[in-house]
Amino acid sequence: MNAAQMSSSTTATDVRWSGRGWPGEATPECPTAGLGWPPAPARDGTVPPGSEAVSRETPAGRQPPEPVAAPLSEPAAPVVQAEHDADAVPRETVPRRLQEASSRRPPSSGAAAAVTWPRPAATRILTVANQKGGVGKTTTCVNVAAAMAAEGLRVLVIDIDPQGNASTALGLEHHTGVPSVYDVVVGGAPLERVVQPCPTVPNLWCAPATIDLAGAELELVSMVARETRLHRALTAYLARAAEAGPSMDYVLIDCPPSLGLLTVNAFVAAAELFIPIQCEYYALEGLSQLLTNVELVRSHLNPDLRVSTILLTMYDGRTRLSAQVADEVRTHFPSEVLRTTVPRSVRISEAPSHGQTVITYDPSSSGALSYIEAAGEIAERARPRVQAEQEAMS
Ligand SMILES: Nc1ncnc2c1ncn2[C@@H]1O[C@H](COP(=O)(O)OP(=O)(O)OP(=O)(O)O)[C@@H](O)[C@H]1O
Ligand SMILES: [Mg+2]
C-alpha cells in the first residue's frame with residue numbers, strides 16, 4: 001500500500017467508526033501522508049533463532065498472589081532472583097551502553113532504591129497503542145513499567161485489553177470475579193478498588209483486566225460519557241493518591257489491538273501516545289489509521305494527546321528488512337522514535353509464562369537491557385521540564 005492509498009483509505013468520515021465512540025465530524029487530513037514503504041522490501045521468509053512461538057499461558061502450578069486492595073500505600077518489596085540462560089540474540093550484538101546498564105540493576109529493594117532517573121514534575125500518562133496485533137504493545141508496556149519501577153519511580157499499569165496479557169505478565173490473577181478495569185469503566189468503581197501491587201516488582205501497581213472487558217465495548221455504547229470514563233476515574237485516583245502520599249510518576253495503559261471504545265478511553269485518559277512498531281513487513285500499514293483517530297480524539301475529546309514516543313520492537317539486526325523499517329519510521333518520526341531498539345529475544349517471550357517481566361526474569365538479557373535503556377530514554381525526556389520548573393522556583 002502506498003502513501004496515497006494509506007491516506008485515502010483512512011479519512012475521518014469513515015463510517016466504520018460511527019457509533020463506536022469516535023467523534024463523527026470531519027477531521028484534519030491524515031498526518032501520515034507521504035508515509036510509504038521502503039522500495040522493494042523482499043521478505044526473506046527465514047525464521048530467526050529465538051522467534052519460536054512461546055505459550056502465553058501461566059503455568060498451572062504457579063500460586064496466585066493474594067489480592068491486595070492497597071493502591072495508595074507502599075507495597076511490600078518482593079525480590080526476584082533472575083536466572084541466566086543463553087539469549088537468542090548474540091551477546092556481542094548488545095551495545096556497550098546496554099551492557100554498562102546491566103551493572104546498575106535491578107535494585108534489591110524497592111523501598112531503598114535511589115531514583116537516578118528524573119521524576120516528572122507531574123504524573124506522565126502514556127497510552128501504549130497500535131491497532132495492529134502482536135507488535136509488542138503489552139511486552140513494551142510491562143517491561144518499560146518494570147524498568148522504571150526498578151529505578152524507584154512509582155508506576156501504575158492499567159490493563160484495558162480484555163486479553164489481560166499485561167496482568168498475566170505482572171503476575172496478577174485476572175479471572176472473572178477479580179475486581180478489574182471493567183468495574184471501573186463500566187461499573188463506575190473507583191480505581192483504587194481494583195489496583196493491586198505487582199508481586200515481583202516494587203513500586204509497580206496494576207489495574208488488571210478480565211475477560212468481562214470484551215463485552216464492555218458494546219455496553220459502553222449506550223452509556224453517558226462513554227469516552228471519558230477511564231479519564232475521570234484515573235484523574236480522581238491520582239488526586240486521591242497524591243493526597244495520601246507520593247504521587248505516581250508514570251501511568252502506562254496497555255490497549256487492545258483495536259480502535260474501539262476501550263482504546264478511545266485510553267486515548268482520552270492520556271497526554272502521550274506510545275506506539276510500539278514491529279520491525280516487520282506490514283509494520284506501517286494501519287499506522288495512518290491510528291494517527292487519523294488520534295487526530296479525531298485531539299479535535300473533539302483530548303486536545304493534549306500527542307504521539308510522544310515510538311519504539312521499534314523485535315528488531316533483527318541481521319536482516320535488511322528490519323533496518324529498512326527502522327529507517328522508514330525514523331524518517332517520518334525523527335523526534336518521537338527512541339534511539340533504542342528492542343531485539344527479538346527468547347527471554348522476552350518466556351518471561352510472561354512465569355508471571356514476570358523480563359526485567360526480573362533475566363535482567364542481564366539483551367531484551368531486559370534494551371527495555372531498561374528505552375525506559376531510561378523515556379524518563380530522560382521528562383528532564384527538561386523538571387529542570388525548567390526547578391529553575392523557575394529558584
Ligand atoms: N522482542 C521480542 N522478542 C521475542 N518475542 C517478543 C518480543 N516482543 C514481543 N514478543 C512476543 O510476541 C508476542 C506478541 O507480543 P505482545 O503480546 O506484547 O504484542 P501485543 O501488541 O500486545 O499483542 P496484542 O495486539 O494481541 O495485544 C508475544 O508472544 C510476546 O512474548
Ligand atoms: Mg497486548
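Helix H3 gives the shell around ligand 1 its largest share, three residues. This is a predicted model, so treat what follows as a tour of a computed structure.

In total, 22 residues surround ligand 1, and the closest are Gly-133, Lys-137, Thr-138, Thr-139 and Pro-257. Besides helix H3 (137-150), strand S7 (306-315) and helix H11 (346-350) each give two or more residues to that shell.

In soluble globular proteins, nonpolar side chains tend to be buried together.

Leaving out residues up to four places away in sequence, Leu-252 touches Leu-126, Val-128, Cys-141, Val-144, Ala-145, Val-155 and Val-157. Leu-252 points the same way from strand S5 as Tyr-250 and Asp-254, while Val-251 and Ile-253 point the other way. Why is S5 largely enclosed by the rest of the structure? Because five of the five residues of this strand (residues 250-254) are buried.

| Strand | Bridges to S5 | Direction |
|---|---|---|
| S1 (residues 124-128) | five bridges | parallel |
| S2 (residues 155-159) | five bridges | parallel |

Ile-253 in S5 has Thr-127 opposite it, and Ile-158 stands opposite Ile-253 too.

Finally, there's helix H13 (residues 366-380): its 15 residues reach 21 Å from first C-alpha to last, close to the 21 Å expected at 1.5 Å a residue. H13 is mostly covered, with 13 of its 15 residues buried.

Notes:
Residues numbered from 1 in each chain as written. Chains lettered and ligands numbered in written order. Predicted model: local features only at pLDDT ≥ 70, side-chain atom pairs only at ≥ 80, totals over all residues. Helix = DSSP H or I, 4+ residues; strand = E, 2+ residues; numbered from the N terminus. Expected span 1.5 Å × (residues − 1). Buried ≥ 20, exposed ≤ 12 C-beta atoms within 10 Å, placed from the backbone. Near = placed C-beta within 6 Å. Contact = placed C-beta atoms within 7 Å. Pairing = 2+ DSSP bridges.
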